[in-house]
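The following exercises concern a single protein model. Please work through each task before reading its solution.

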Amino acid sequence: MNHWSLHPQLAGDTHPVATFGLSELRLMDDANYPWLILVPRVPDARELVDLDAAAQGALMEEVGRCSRALQVLFRPHKLNVAALGNLVPQLHVHVIARHTDDPAWPAPVWGRVNARPYTPEALVECVSRLQRALGV
């Protein structure tokens with residue numbers, strides 16, 4: 001039986017927020033944007049279609065839960081939701097709150113500006129706010 005583990009790139013670029021029924025919820029270490037990443041704990045999953053129907057439904061519920069939390073906390077102009085995986089093959093879904101005054105607007109966030117890591121204090125505050133909004 002295959003064992004699930006978090007891809008090293010995701011582990012290095014993100015901070016833990018919560019554990020859901022299917023996914024690990026992580027915060028991207030880029031304070032330019034409120035940016036969550038859901039990583040389903042399914043060994044060898046690379047694509048959404050690698051999940052069975054029940055897991056696909058659970059993932060969409062978790063995406064919705066995160067999207068609603070970002071809307072409440074950050075009042076974004078737009079939410080970007082994507083499962084790209086071009087650089088990190090492990091299935092993961094980005095949920096990013098976008099504002100018209102963010103540094104990459106209206107372009108995608110990837111490769112536009114350098115990441116701005118959270119300070120330790122800002123990280124604790126952001127994760128705490130997210131956990132409260134998510135009820136975890």
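**Exercise 1. Determine how the residues lining the largest pocket divide into nonpolar, polar and charged.**

Step 1. The lining of the largest pocket comprises 11 nonpolar, 6 polar and 3 charged residues. Here Ala, Val, Leu, Ile, Met, Phe, Trp, Tyr, Cys and Pro count as nonpolar, Asp, Glu, Lys and Arg as charged, and the others, Gly among them, as polar.

Step 2. The model is predicted: local features need pLDDT of at least 70, side-chain atom pairs count only at pLDDT 80 or more, and totals for chains, interfaces and linings use all residues. Residues are numbered from 1 along each chain as its sequence is written, and side-chain values use heavy atoms, with hydrogens and water left out.

Step 3. The space in the largest pocket amounts to about 450 Å³. Of the 20 residues that line this pocket, M28, W35, L87, H94 and W110 are the closest to its centre. A pocket is an open set of points on a 1 Å grid over the protein atoms alone, where a 1.4 Å probe fits, with protein on both sides within 12 Å along at least five of seven lines; lining residues have an atom within 4 Å of a point. Grid points are joined across faces, edges and corners, and the volume is the space filled by probe spheres set on the points.

Step 4. At least two lining residues come from each of α1 (8-13) and β3 (35-40). The largest contribution is that of α1, with 3 residues. Helices (H or I, at least four residues) and strands (E, at least two) are DSSP runs, numbered from the N terminus.

**Exercise 2. Find how many salt bridges the model contains and which residue pairs with E24.**

Step 1. The count is 2 salt bridges, each defined as a side-chain nitrogen of Lys or Arg within 4 Å of a carboxyl oxygen of Asp or Glu.

Step 2. E24 pairs with R41, and their closest N and O atoms are 3.0 Å apart. This pair links distant parts of the chain, 17 residues apart: E24 lies in strand β2 (residues 23-28) and R41 in the loop between β3 and α2 (53-74).

Step 3. E24 is buried, at a relative accessible area of 17%, whereas R41 is partly exposed, at 27%. Buried means under 20% relative accessible area, exposed over 50%, and partly exposed in between (1.4 Å probe, protein chains only).

Step 4. The side chain of E24 also makes a polar contact with the side chain of T19 at 3.0 Å. A polar contact is a pair of N or O atoms within 3.5 Å; within protein, one must be able to donate a hydrogen and the other to accept it, and residues adjacent in sequence count only if both atoms are side-chain atoms.

**Exercise 3. Describe where D102 is found and what its side chain reaches.**

Step 1. D102 belongs to the loop between β5 (93-98) and α3 (120-134). With a relative accessible area of 8%, D102 is buried.

Step 2. The side chain of D102 forms a salt bridge with that of R98 (2.7 Å, N to O), and R98 is likewise buried. The D102 side chain also reaches the backbone nitrogen of A104 at 3.0 Å.

Step 3. Not counting residues up to four places away in sequence, D102 touches N32 and Y33, contact meaning heavy atoms within 4.5 Å.
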